[in-house]
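My notebook is open and the viewer is loaded.

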Amino acid sequence: MSTFHHRNKHNGRYNMQKLIEVYPALEPYVTSLEAHDLSIDFSDSKAVKVLNQALLYLHYGIENWDFPDGHLCPPIPGRVDYIHHLADLVGEGEKRILDIGCGATCIYPTLGVAAYGWKFTGSDIEQQSIENARRIVQANPVLKDQVRLTVQKDRREFFEGVIGAKDFYDATMCNPPFYRSMKEADEVHKRKLRNLKGKKMEVDRNFGGTSAELVYEGGEFNFINSMIYKSRAFAQKVGWFTSLVSKGEHLKGLFKQLDKMDVQEYKVVEMGTGNKKTRILAWRYEKA
Ligand SMILES: C[S@@+](CC[C@H](N)C(=O)[O-])C[C@H]1O[C@@H](n2cnc3c(N)ncnc32)[C@H](O)[C@@H]1O
């Protein structure tokens with residue numbers, strides 16, 4: 001069974017008492033009154049957002065983190081796990097990371113700066129998401145000089161238009177849109193809510209994410225497959241290319257694409273994010 005990375009601060013249960021103490025806005029969302037068994041309603045989008053705000057404040061010193069309803073609400077423990085595994089790949093010291101699809105929440109740059117002091121570029125195809133990410137960066141002095149944000153104007157591209165002629169990134173990272181259609185996204189989301197609540201639920205669109213966040217033609221496989229293909233042209237400009245792969249069955253086809261691109265090395269890092277297993281696919285090219 002895979003677990004969180006050993007440097008992940010969220011290996012145990014949340015310390016709700018402490019979280020409420022430092023972030024009192026969380027208190028109204030705490031559901032159990034028993035001191036030893038405090039929790040929140042994880043099917044309530046507002047409650048999850050406030051819990052995230054409390055976690056970011058307590059553990060990462062991030063004071064201002066907010067985003068409009070409707071965007072994907074990222075679970076902090078799973079997101080920071082990617083950051084820690086990436087740190088194992090890139091090593092210590094000053095690093096520059098490109099987060100492809102940083103989203104409205106700018107979560108990976110936020111955590112990467114807070115945990116390792118890295119410099120980030122965050123890209124996204126959604127102008128509105130970049131605008132909100134910018135608000136987060138501006139509102140937190142620790143992020144201000146560390147995070148650059150840019151709109152990717154061509155949704156078929158990942159690196160082109162973002163990586164400049166003189167740029168070098170120690171790594172790229174990405175949490176890709178995983179569904180083929182909004183219908184598929186809604187069905188999976190309904191199932192998740194049913195598991196949390198034990199009954200049939202309507203889809204809460206404040207929680208699930210926007211279609212650009214969730215859907216790509218051909219789903220996750222096509223997205224990453226295309227990213228691998230397009231990475232070849234940037235072989236000398238990036239140390240490690242990486243992406244989350246939420247479906248293990250996609251790996252075989254992705255390995256084939258990596259072989260075709262003649263990469264120097266690739267590896268899979270298994271990750272445990274709560275009750276969901278996922279993994280990072282990482283590849284790199286020989287440097288000239
Ligand atoms: C699953 S969401 C991840 C958001 C955030 N990084 C997170 O982990 O919560 C995928 C993001 O990728 C963006 N996206 C889709 N295609 C893209 C592309 N070609 N270049 C940059 N971002 C893209 C979407 O708009 C969306 O914000």
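**Terms before I start.** Helices (H or I, at least four residues) and strands (E, at least two) are DSSP runs, numbered from the N terminus. I am counting residues from 1 along each chain as its sequence is written. The model is predicted, so I keep in mind that local features need pLDDT of at least 70, that side-chain atom pairs count only at pLDDT 80 or more, and that totals for chains, interfaces and linings use all residues.

**Entry 1: Asp262.** I looked for Asp262 and found it in the loop between H11 and strand E6 (265–273). Its phi is positive, about 60°, although Asp262 is not a glycine. Is Asp262 buried or exposed? I needed the cut-offs here: a residue is buried if 20 or more other C-beta atoms lie within 10 Å of its own, exposed if 12 or fewer, and partly exposed in between, with C-beta atoms placed from the backbone. Asp262 has 10 C-beta neighbours inside 10 Å, so it counts as exposed.

**Entry 2: Cys106.** Here is another residue with a positive phi that is not a glycine: Cys106, at about 50°. I found Cys106 in the loop between strand E1 (96–100) and H4. Cys106 is buried, because 29 other C-beta atoms lie within 10 Å.

**Entry 3: H3 and H4.** Next I followed the chain into H4. How do helix H3 (residues 76–90) and helix H4 (residues 107–116) pack? Their axes are 9 Å apart, at an angle of about 55°. I noted that axes are lines fitted to C-alpha atoms, for helices over the stretch in contact, and that angles run from 0 to 180 degrees between N-to-C directions. Angles under 35 degrees count as roughly parallel, over 145 as roughly antiparallel, 65 to 115 as roughly perpendicular and the rest as oblique. H3 and H4 are therefore oblique to each other. Their crossing is right-handed; a crossing has that name if the near helix is turned clockwise from the far one by less than a right angle, and is left-handed if anticlockwise.

I then listed who meets whom, taking two residues as in contact if their C-beta atoms, placed from the backbone, lie within 7 Å. H3 brings Arg79, Val80, Tyr82, Ile83 and Ala87, while H4 brings Ile107, Tyr108, Leu111, Gly112, Ala115 and Tyr116. Sorted by class, the contact of H3 with H4 has nine nonpolar, one polar and one charged residues. In this sorting, Ala, Val, Leu, Ile, Met, Phe, Trp, Tyr, Cys and Pro count as nonpolar, Asp, Glu, Lys and Arg as charged, and the others, Gly among them, as polar.

**Entry 4: H10 and H11.** I turned to helix H10 (residues 219–231) and H11, which pack at about 15° with axes 9 Å apart. They are therefore roughly parallel to each other. H10 passes H11 in a right-handed crossing. On the H10 side I found Phe221, Ile224, Asn225, Ile228 and Tyr229, which meet Gly253, Leu254, Gln257 and Leu258 in H11. The contact of H10 with H11 divides into six nonpolar, three polar and no charged residues.

**Entry 5: Leu251.** Staying with H11 (residues 251–260), I picked Leu251. Leu251 counts as partly exposed because it has 16 C-beta neighbours inside 10 Å. Beyond four places in sequence, its contacts are Val245 and Val268. Leu281 is 30 residues from Leu251 in sequence, and their C-alpha atoms are 8.3 Å apart.

**Entry 6: Ala282.** Strand E7 (residues 276–284) holds Ala282. Ala282 is buried, because 22 C-beta neighbours lie inside 10 Å. Not counting residues up to four places away, Ala282 touches several residues, including Trp240, Phe241, Tyr266 and Val269. How far apart are the C-alpha atoms of Ala282 and Leu86 in space? I read 9.2 Å, for a sequence separation of 196 residues.

**Entry 7: the whole chain.** I stepped back and counted eleven helices and seven strands in the chain. Of its 288 residues, 39% are buried. Among contacts between residues at least 6 apart in sequence, 69% join residues at least 24 apart. The C-alpha atoms fill a box of roughly 60 × 40 × 40 Å, taken along the principal axes.
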